[in-house]
Amino acid sequence: MGAGGAGYGATMQLPPPRGTLSHRVRDALAGSSTRPLASRPSPVADDHHDAALALWMLYELHYRGFDGVDDRMEWDATLLGLRRHLEDDLEQDLRTRFAKSGTSAESVEEIFRICDEHEGAALSPYLHRHATREQFLELLRARSVYHLKESDPVSWAIPRLGTAAKAALVELQYDEYGGGDPNRLHAHLFARGMAACGLDPTYGAYVAQAPTEVLEQNNVMSLFGLHRRLRGAALGHLAAFEVTSSLPSRRIAQGLDRLDLADAMQHYYREHVEADAVHEQLAVRTICGALVAESPELLDDVVLGAFACLDQEERIARHFLDRWEAAA
Amino acid sequence: MSRSVEPPAGIAHADVVICPGGPMLLRGDHLVDDGQGNLVRTQRPVSAVCRCGKTETAPWCDGTHKVLPPKLRP
C-alpha cells in the first residue's frame, strides 16, 4: 500500500456516538459548527464510555482529524472548553487512583521497581498459552487504536524539554519511527501485521468496538502529551510502557506463533522484544533521568505517569480477561 | 555595552553505557562478535548487548535479566 493512498495513512470517519455527549460532539464536528453544544443545560456524558469517546474525538483533531471535518475545528474555543472539562474529570480520576495506590519514588531508577512490584491482571500470560485466534484478533483490533499512532502522543513533549532530555527522547523516538526507514516505523509494522491477519489497517477502523478502557488509555496519553505542565507524566508513562513491553512482547509473539497467526504480526512483537530492551534503559535512565536532573520538581509527575501506564493497562487486561474467562 | 555570557557547558554523553543489573548500551554503528563466531552489525541508533548470558536473541538483550534472581544479574 503506497504512502498517501487508501489504508492506514488516510483520514478516518467519525465514529458512531455512544451517548448524549458523544452524539453532540459528533454532530458539531460533522457540521463544522458548535451549535449542537450550545444548548442549555450543557450536555453531559451519560457514562464513562460516552465521556471517553467524546474526549477521544476532540483529541483526534490534534492528530490526523476526520474525513469531512473542517481542520479549523482543532482550535475551536468551544471545543477546547469542553475538552478542558473532560480532561479535568479524567485527570482527577487518575490522581485519585494514584493517591490510593501510595506509589512513590526517590529516583527515576525506581520506575523499574514500581513496574516489577505492580500486581494485577496481565494479558501476556493468557495470550501466550490460552487465547484463541478470535480472542487474539479482538485484542489486536482494540490495540490498533493506539498502535496505529504508536509513539505519537509523547512526541508532543519534545519541544517542551531541556537540552539533554530532548536529545534523549528524540534518540528513542528515532528508533520508534524506523530510523528514517518507513518500513521499520512501528505503527507501519503493526498496520502490515493487521493486514496479514485479515484485519483492516485503516487508522481508526475499530474505534467503534473499542472498550472504554482502551479509549481512556489513549486519552491519558494525549492528556499527558498535549499539556506542557504534564511533560513529566508523559515521560514517566513512556518509561513504564517500555519497561513492561519486552518480556510480554516475547510471550505475545510466541502466542501468535502457537496459533500460526501471521508472520508480519509476530515480527511486530519480536521487534518490540529487542527494541524495548533498549528503550526501557533509555526511557528510565537517560530520558527521565535527564528530565529530573534538569527539573527535580517533576519527579512526582514522572511517577504519576508511570503509575497511570500500569493502571490503565491493568484495567484493559481485566476487561478482556473477564470477558474471555466468562466465555470459557 | 555588550554583556558577557558564558557559553552553554558541554553535556557528558557516553558511547558505551553499562546499565547496572542490565545490558550494555552501544550508541552508533558497531560490528559485534557474539562469542559464537558470528559478527553481527548493530541496526538501531542505540543497541543493548546482553550481559546476563540468558538472552534468546544473542548478542542483544531481550529483557531476561529482569526475571533472574538479583545475584545472577550482571
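Between chain A and chain B of this predicted model, 9 residue pairs, both members at pLDDT 80 or more, are in polar contact. A polar contact is a pair of N or O atoms within 3.5 Å; within protein, one must be able to donate a hydrogen and the other to accept it, and residues adjacent in sequence count only if both atoms are side-chain atoms. Three helices of chain A each supply at least two residues of the side that touches chain B: helix 8 (163–176), helix 12 (246–258) and helix 13 (263–294). Helices (H or I, at least four residues) and strands (E, at least two) are DSSP runs, numbered from the N terminus. Helix 13 of chain A gives the most to this side, with 11 residues. By class, the side of chain A that touches chain B has 9 nonpolar, 5 polar and 8 charged residues. Here Ala, Val, Leu, Ile, Met, Phe, Trp, Tyr, Cys and Pro count as nonpolar, Asp, Glu, Lys and Arg as charged, and the others, Gly among them, as polar.

The contact (heavy atoms within 4.5 Å) takes 22 residues from chain A and 22 residues from chain B. Together the two chains bury about 1800 Å², 55% of it on carbon and sulfur atoms. Buried area is the accessible area (1.4 Å probe) that two parts lose on being put together, summed over both. Across the interface, 7 salt bridges are found. A salt bridge is a side-chain nitrogen of Lys or Arg within 4 Å of a carboxyl oxygen of Asp or Glu. One pairs B:E56 with A:R250, with the closest N and O atoms 3.9 Å apart.

Two backbone features were noted. The peptide bond from B:A58 to B:P59 is cis, with omega near 5°. B:P59 lies in the segment after strand 5 (46–49) of chain B. A:S151, a residue other than glycine, has a positive phi, near 75°. A:S151 sits in the loop between helix 6 (133–147) and helix 7 (152–155) of chain A.

Residues are numbered from 1 along each chain as its sequence is written, and chains are lettered from A and ligands numbered from 1 in the order in which they are written. Local features need pLDDT of at least 70, side-chain atom pairs count only at pLDDT 80 or more, and totals for chains, interfaces and linings use all residues; side-chain values use heavy atoms, with hydrogens and water left out.
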